[in-house]
Every structure is written in structure tokens, then in C-alpha cells.
Amino acid sequence: MSGKRILVINPNSNAVVTNAIDAAVDSYRRADALGIECITLDEGPFGIETDDDILAVAPLVVREVSSRNGDYDAFIIACYSDPGLEECRANSLKPVFGIQESAVTLCATGERRFGVLALSRGSIERHIAYIRSLGLQAFYAGERPIDVSVAEAASEPGTLDTIIAVGRELIDEDGAETVILGCAGLAAHRRAAQERLSVPVIDPVQAAVTMASRSVCE
């Protein structure tokens with residue numbers, strides 16, 4: 001098949017995050033076979049960090065997917081909380097992928113215990129509930145916060161060192177065989193983190209692109 005198009009929606013309004021996502025998925029683009037466009041949801045919050053942020057942005061994501069349903073073959077919601085995912089699926093004729101669901105599903109498919117680097121402690125309970133709803137708790141090693149904002153995740157120079165320190169705790173203390181970056185804004189750190197941690201480090205947006213490309217191109 002040729003000419004397939006995937007739209008990656010960054011639900012926050014931080015263009016720096018979108019640029020990092022775009023760079024992270026560039027190697028997945030295939031000339032005349034798979035086009036990937038990354039956009040910023042300008043009306044969204046600058047960072048999606050609380051339950052209120054998720055509730056506020058979900059209808060905006062649903063509207064974006066609905067309005068572009070005829071233009072793309074698959075959609076990716078590039079926020080680790082997967083805001084509006086089920087609503088989008090209910091209203092879309094095309095497949096819609098959430099990055100958290102994609103990342104943990106790929107880890108479970110490979111039968112690897114995964115640990116998650118959360119932006120903040122406040123999001124961990126929400127993530128655990130989601131993993132349980134997916135029936136994947138057997139593969140969940142643990143989750144630890146790196147205590148940075150979405151903006152800091154994308155641009156703060158010291159973020160990588162924090163990722164390494166907390167990632168090492170997930171591996172050595174929690175038994176993680178794979179580390180998932182629990183925010184789309186951490187994409188720029190994946191390669192360096194993997195080199196220093198010596199285990200697979202998963203960018204959830206790349207995981208979603210992998211699943212979406214399989215869906216539309218195979």
C-alpha cells in the first residue's frame with residue numbers, strides 16, 4: 001500500500017514538544033509509503049499535568065480527530081494520559097492510538113517487565129489504574145517520578161541526568177527490563193538514556209507510530 005498518512009496530535013500548546021516529537025518519528029517516514037504529520041493543539045494547555053487538564057483537552061482532541069477523519073489513515077494522541085482516546089475511537093472511522101496504551105502493549109507483547117518514568121507523583125495512581133484496565137499489570141515493574149513539568153521535560157538541560165538516576169532505580173530496585181518515558185516531551189532523551197541505562201528505553205510516541213504503521217501499511 002502507498003500514500004498512507006498518520007496524524008500525530010500533540011494535545012498541549014507547547015510547540016517545542018511537537019518539534020521533539022517530529023524529530024523522534026522522522027525515521028519512520030517512508031517516501032511514497034508513509035507520511036507522518038505532527039501538529040500542535042494550539043487551544044490546549046501548555047502542559048497536560050493534572051486531571052483537570054485531561055478533562056479540558058479531551059473534547060478538543062475528539063474535535064480535531066473528527067474534523068480530519070477524511071484526510072488521514074490513522075491518528076495518534078501524543079500525550080501519555082491518552083486523553084479522549086475512547087471517545088475518538090467511538091467517533092472515528094479510522095484507527096486511533098494512544099501513546100501510553102501503545103507503549104505498555106508493546107512491552108507486554110515482548111514479555112518484558114516495564115518501568116515508567118512519570119513526570120510527577122500525582123500522575124502515577126492514574127497510570128496504574130489505566131494499566132489495570134488494560135489487563136497488563138503482570139508486566140508492570142513500577143513507576144517513579146522525575147518531578148519536572150512538561151516544559152522542563154522538553155527543554156531543561158538537567159532532565160537527562162534525572163532520567164538516568166530514576167531509571168536506574170526502576171531497573172535495580174523495581175526489576176524493570178524496559179523503561180518507558182512517561183511523557184511525549186521526553187522524546188529527545190530516548191537515545192542517550194538507552195545508551196546510559198543499557199536497557200531498551202521506549203518513547204511512547206514511537207511505539208504508537210509502530211502500531212499505527214502496522215495498522216495502515218500491512
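The side chain of Ser 92 reaches the backbone oxygen of Lys 94 at 2.9 Å. A polar contact (a pair of N or O atoms within 3.5 Å; within protein, one must be able to donate a hydrogen and the other to accept it, and residues adjacent in sequence count only if both atoms are side-chain atoms) also joins the side chains of Ser 92 and Asn 69, at 2.7 Å. The model is predicted, and local features need pLDDT of at least 70, side-chain atom pairs count only at pLDDT 80 or more, and totals for chains, interfaces and linings use all residues. Residues are numbered from 1 along each chain as its sequence is written, and side-chain values use heavy atoms, with hydrogens and water left out.

Ser 92 is located in the loop between helix 3 (85-91) and strand 4 (96-98); helices (H or I, at least four residues) and strands (E, at least two) are DSSP runs, numbered from the N terminus. With a relative accessible area of 13%, Ser 92 is buried, where buried means under 20% relative accessible area, exposed over 50%, and partly exposed in between (1.4 Å probe, protein chains only). When neighbours within four places in sequence are left aside, Ser 92 is in contact (heavy atoms within 4.5 Å) with Val 65, Asn 69 and Phe 75.

Salt bridges were assigned where a side-chain nitrogen of Lys or Arg lies within 4 Å of a carboxyl oxygen of Asp or Glu, and the count by this rule is 14. One of them pairs Glu 37 with Arg 5, with the closest N and O atoms 3.6 Å apart. Because Glu 37 belongs to strand 2 (residues 34-40) and Arg 5 to strand 1 (residues 4-10), this pair ties together parts that are 32 residues apart in sequence. Glu 37 is partly exposed at 31% relative accessible area, and Arg 5 is partly exposed at 34%.

In a further salt bridge, the closest N and O atoms of Arg 126 and Asp 51 are 2.6 Å apart. Arg 126 lies in helix 5 (residues 124-133) and Asp 51 in helix 2 (residues 51-67), so parts 75 residues apart in sequence are tied together by the pair. Relative accessibility is 24% for Arg 126, which is partly exposed, and 46% for Asp 51, also partly exposed.

Asp 172 and Arg 168 form a salt bridge at 3.5 Å between the closest N and O atoms. Both residues of the Asp 172 and Arg 168 pair lie in helix 7 (residues 159-172), four residues apart, about one turn of the helix. Asp 172 is exposed at 54% relative accessibility, whereas Arg 168 is partly exposed at 30%.
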